[in-house]
Amino acid sequence: MTDAPSPAPTPEAYVLGVDSGGSGLRVALGRVDTDGPLFTAVCAEPVRTGAGGIDAAHLLEQLLPAAAGLVTRASAGGAADSSGQASPGQVAAFAIGAAGMATLGGRLRAELPGALAEALGVRRMALAADAVTAYAGAVGQRPGAVVAGGTGMIALGTDLTGWHRADGWGHLLGDSGGGAWIGRAGLDAAMRAHDGRRGGSPALLARLHAVFGPAEALPGLLYPRSDRPAVLASFAPEVAACAGADEVAAGILREAAAHIAEAAAAVCPTAGPEAGDACEVALTGGLFRMGEPLLGPVREELARLVPQARVTTGTGDPLTGALRIARALALDDLRLPHHPTMLFVPAGDGPSGPSGGVGAEVRNGDPESDDVPADGPVSGAVDSPTDTDTSPVRHSSDISG
């Protein structure tokens, strides 16, 4: 992809954003001059991942027909050729956010730019980790931080010169304060009450019985499951429901809030002129739908640890973020820092960005580290569970396991 950059798009040109994860593929079509999607499509089959990483051919097999269908729909039937693909030149820019992009996206980075240029005539594109599209959806292209919580938990921040990540290491090594963490702590308190040990909660034991059946049967239900993090997270809302009247449950949420605030503090950039005196910290993902039992302590902890934080609720999901990145590429206005695996923009496909190319650092973590731990992604769409997921907390776009 060393060709000269494509000419500036016309205002009526299209942009495409993609969110790929454990529950399938979502595609949004928008216009260069209009905020938000015109139409969206959902492919229910998750993109395959094997020894070679994310399967680029399988992604294209789903993506190209979906993209053609969206363009055709937007153009009232005039945008597809006889092959069913969108006509070249109609799509000005493309952005794909995928779970596992950082360590499993080598084939995507190698194969997608050429394939999309041939099929759609698009030469402006970005391939991003889903934590980056979550950031773009929640914060936009401003300095700040996002905490995305679902079954897992990850924090990502930028001062627009580099990325800074905290946690998102999976339920065995981290994801502290996420849904699986809260659910496990709640079940531990329930089992302590069952045994008569200190720190037990009869209220949580009663909820364990209601949700899972006899306490003695819980290990046999939990340990054989391949989706243990999601099963653990399914108990998190029970902890929140008990927190108003049960001090043990309330204490679990206070400790979760402390972990969440610590991660946010670790990635929140030093306020600059553009941000004024505040650092925006956006909370996004299904975890925070538990409401005030968790949000109240999170705000308190953030006020203590990051007094300059301006806490917001992220209004855009990773699909929105992908569309925003595509639109910024089309307008030569991508200000989020490029990075070889976090936000990959092929050479010749647009502006070099504030990072001066693809060398922007990821602090507090290996640049090659994945946004989805080895035990697997949590979901393919924001707040959408996997096929085997039992968690009413749901998830935060595959950003942690």
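Glu301 touches Ala257, Ala258, Ala261 and Val306, leaving out residues up to four places away in sequence; contact here means heavy atoms within 4.5 Å. Glu301 belongs to helix H11, residues 292–305. Helices are DSSP runs of H or I with at least four residues, strands are runs of E with at least two, and both are numbered from the N terminus. With a relative accessible area of 18%, Glu301 is buried. Buried means under 20% relative accessible area, exposed means over 50%, and partly exposed lies in between, for a 1.4 Å probe and protein chains only.

I should state the basis of these values. This is a predicted model, in which local features need pLDDT of at least 70 and side-chain atom pairs count only at pLDDT 80 or more, while totals for chains, interfaces and linings use all residues. Residues are numbered from 1 along each chain as its sequence is written, and side-chain values use heavy atoms, with hydrogens and water left out.

As to confidence, pLDDT is the predictor's confidence in each residue, from 0 to 100. The protein averages 79, and 78% of the residues score at least 70. Residues 77–88 have a pLDDT below 50, and this stretch has 24 contacts in the model beyond near neighbours in sequence. Residues 365–401 also fall below 50, with 152 such contacts. Where pLDDT is low, the predicted coordinates should not be read in detail.

Turning to the overall architecture, the protein has 12 helices and 14 strands. Of its 401 residues, 59% count as buried. Among contacts with a separation of 6 or more, 67% are between residues 24 or more positions apart.

Next, the sheet. Six strands form an open, mixed sheet in the order S3-S2-S1-S6-S7-S13; two strands pair if DSSP finds at least two bridges between them. Its edges are S3 (39–43) and S13 (343–344), each of which pairs on one side only. S2, residues 24–31, runs antiparallel to S3 and is joined to it by five bridges. Within this pair, Ala28 stands opposite Thr40 in S3. Helix H1 packs on the sheet, touching S1 (14–21), S2, S3 and S6 (91–98), and its direction makes about 35 degrees with that of S2. Helix H4 (residues 130–138) also packs there, touching S6, S7 (125–129) and S13, at about 105 degrees to the direction of S7. Axes are lines fitted to C-alpha atoms, for helices over the stretch in contact, and angles run from 0 to 180 degrees between N-to-C directions.

Apart from neighbours within four places in sequence, Phe344 is in contact with Arg109, Met125, Ala126, Leu127 and His339.

H1 (residues 56–74) also packs with H3 (residues 106–120), at an angle of about 30 degrees and with the axes 10 Å apart. By class, their contact has 12 nonpolar, no polar and two charged residues. Ala, Val, Leu, Ile, Met, Phe, Trp, Tyr, Cys and Pro count as nonpolar, Asp, Glu, Lys and Arg as charged, and the others, Gly among them, as polar.

Finally, which backbone angle is positive in Asp167, although it is not a glycine? It is phi, at about 60 degrees. Asp167 lies in strand S10 and counts as buried at 12% relative accessibility.
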